[in-house]
Amino acid sequence: MATNASMMIDRQPLVSVIVPMYQSAPYLRNSLNSVQAQTYANLEVLLIDDGSTDETIAIAQEYLNRDSRFRLIRQETRGVSAARNAGLDAATGEWIASMDSDDELVPTAIHTLVTAALENDVAMSMGAYVECHPVKPIPFRRTVGAKPCVLRTTEEVQRYFLTDGQFLCHMWTKLFRRDLFDELRFPEGKIYEDNFIMPDVLEAAGSCAVVNVPVYHYLVHKGSVSTAVNIRHQMDGLEARLYYADFMSRHHPALVPLANDAALSFACNLLGKMEHVGVDTVPEEWQETLATIDRLLPESALQNGIYRAAAALYRRNPRIISHLVHWGLVLDRMI
């Protein structure tokens with residue numbers, strides 16, 4: 001006899017795929033082709049345009065004209081958080097998936113994530129991703145995954161994302177039950193918006209299935225948040241990790257040292273990015289980051305050797321850390 005999960009997979013519950021777009025023309029066709037190529041058919045694809053002035057709308061219209069699953073929602077430029085929120089407001093699926101308009105889904109991505117969620121009767125699922133560097137002199141790829149498991153309590157979920165989950169707080173690679181967002185929306189005006197909302201989403205979910213199967217191709221290019229050194233934006237990232245630590249203090253106090261580790265790691269990396277752009281150009285951000293590290297160090301787990309070594313170097317001289325990260329950034333761009 002078929003299980004309830006297999007019956008649900010057979011009937012394919014509707015999945016809403018939210019795709020925020022802004023000046024996305026150079027990459028959009030490849031992204032939307034990867035959605036069309038999904039082996040899982042029951043999709044609604046919500047294209048949320050955030051005031052593009054290039055060919056983004058024309059390209060999106062091509063897909064609307066030939067595939068009834070695609071819908072276009074346009075808004076004045078308000079940022080990616082507002083675009084994601086517009087997608088959540090419009091979604092009618094039982095499940096929510098997201099992708100960036102310059103990345104690509106693996107053909108079996110949605111089927112893999114839906115199967116993991118339904119077979120394990122959990123509120124969300126997560127897969128691995130392939131990080132693609134097509135712009136380097138020697139293009140390369142690496143697969144980023146996490147330890148496969150099924151998590152059944154909120155504390156297990158939160159602990160996992162702070163340890164084995166490697167703080168993978170981006171929306172892509174994940175599938176969420178739509179009702180998790182009934183009272184949650186992304187903070188507008190922030191970069192790293194998915195980092196800000198993730199602790200609340202994980203708490204609402206309380207369960208998660210993790211599969212170490214690639215579901216997403218993340219393209220790193222010159223316009224990516226991960227490669228652009230914008231210190232104001234990076235400070236948002238640090239704020240998001242501090243929010244995570246504060247969230248843990250209110251909901252799971254035993255996990256605060258692990259959350260502080262995530263904030264410390266980001267802060268040390270941020271010192272190097274400031275060195276990269278010139279510390280003298282960002283004196284207030286430099287001092288704020290130093291004060292944050294000083295505050296976090298006594299209450300951090302320093303759970304692995306890299307964290308402990310970084311803490312020792314920082315205590316000796318913060319500029320050691322900043323120089324090391326700076327030259328790491330230089331090498332990364334050369335390789």
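Which residues are buried in α10? In this predicted model, the buried residues of α10 are W286, T289, L290, T292, I293 and L296. The arc that they cover around the axis is only 160°, which means that they sit on the same side of α10. E284 and R295 are exposed on the other side of the helix. Helix α10 itself runs over residues 283-296 and has 14 residues. From its first C-alpha to its last it reaches 20 Å, close to the 20 Å expected at 1.5 Å a residue.

L271 belongs to helix α9, which covers residues 256-277. With a relative accessibility of 0%, L271 counts as buried. Not counting residues up to four places away in sequence, L271 touches W286, T289, L290 and I293, together with Y314, P318, I321 and S322. W286, T289, L290 and I293 are also among the buried residues of α10. A further reference point for L271 is R316: the two residues are 45 residues apart in sequence and 15 Å apart in space, C-alpha to C-alpha.

**The chain as a whole**

The secondary structure of the chain consists of 12 helices and 10 strands. Its radius of gyration is 20 Å, close to the 20 Å that the globule rule gives for 335 residues, so the chain is as compact as a globular protein of that length. Along the principal axes, the C-alpha trace spans about 60 × 45 × 35 Å.

Of the 335 residues, 54% count as buried. The accessible surface of the chain comes to about 14900 Å², and carbon and sulfur atoms hold 53% of this surface. Among contacts with a separation of 6 or more, 79% are accounted for by residues 24 or more positions apart.

**Cysteines**

How many disulfides does the structure hold? The structure holds 0 disulfides. A disulfide is a covalent bond between the sulfur atoms of two cysteines. For C169, the closest cysteine sulfur is in C208, at 11 Å, which is too far for a bond. C169 counts as buried, at 1% relative accessibility. C132 also counts as buried, with a relative accessibility of 5%.

Two loop residues deserve a note on backbone geometry. D121 lies in the loop between α5 (109-119) and β6 (124-133). Its phi is near 55°, a positive value in a residue other than glycine. T173 lies in the loop between α6 (154-162) and β9 (174-177). The phi of T173 is positive as well, at about 80°, although T173 is not a glycine.

T173, by contrast, counts as buried at 4% relative accessibility.

**Pairs of residues in sequence and in space**

The table sets out C-alpha distances for residue pairs, with their separation along the chain.

| Pair | Separation in sequence | C-alpha to C-alpha |
|---|---|---|
| A310 and L324 | 14 residues | 10 Å |
| L271 and R316 | 45 residues | 15 Å |
| Y27 and A91 | 64 residues | 24 Å |
| P107 and N33 | 74 residues | 9.7 Å |

P107 is placed in the loop between β5 (104-105) and α5. Its relative accessible area is 42%, so P107 is partly exposed. Which residues is P107 in contact with, leaving aside its neighbours within four places in sequence? The contacts of P107 are with A37, Q38 and T39. N33, whose C-alpha atom is separated from that of P107 by 9.7 Å, is 74 residues away along the chain.

Y27 is found in helix α2, which comprises residues 25-36. At 30% relative accessibility, Y27 counts as partly exposed. A310 lies in helix α11, formed by residues 305-316. The relative accessibility of A310 is 19%; the cut-off for buried is under 20%, so A310 counts as buried.

Technical notes
Residues numbered from 1 in each chain as written. Predicted model: local features only at pLDDT ≥ 70, side-chain atom pairs only at ≥ 80, totals over all residues. Heavy atoms only, no water. Helix = DSSP H or I, 4+ residues; strand = E, 2+ residues; numbered from the N terminus. Expected span 1.5 Å × (residues − 1). Buried < 20%, exposed > 50% of the residue type's maximum accessible area, 1.4 Å probe, protein only. Arc of directions from axis to C-beta. Rg over C-alpha atoms; globule rule 2.2 N^0.38 Å. Contact = heavy atoms within 4.5 Å. Areas by Shrake-Rupley, 256 points an atom, 1.4 Å probe, with all protein chains shown as cover. Disulfide = S-S within 2.5 Å.
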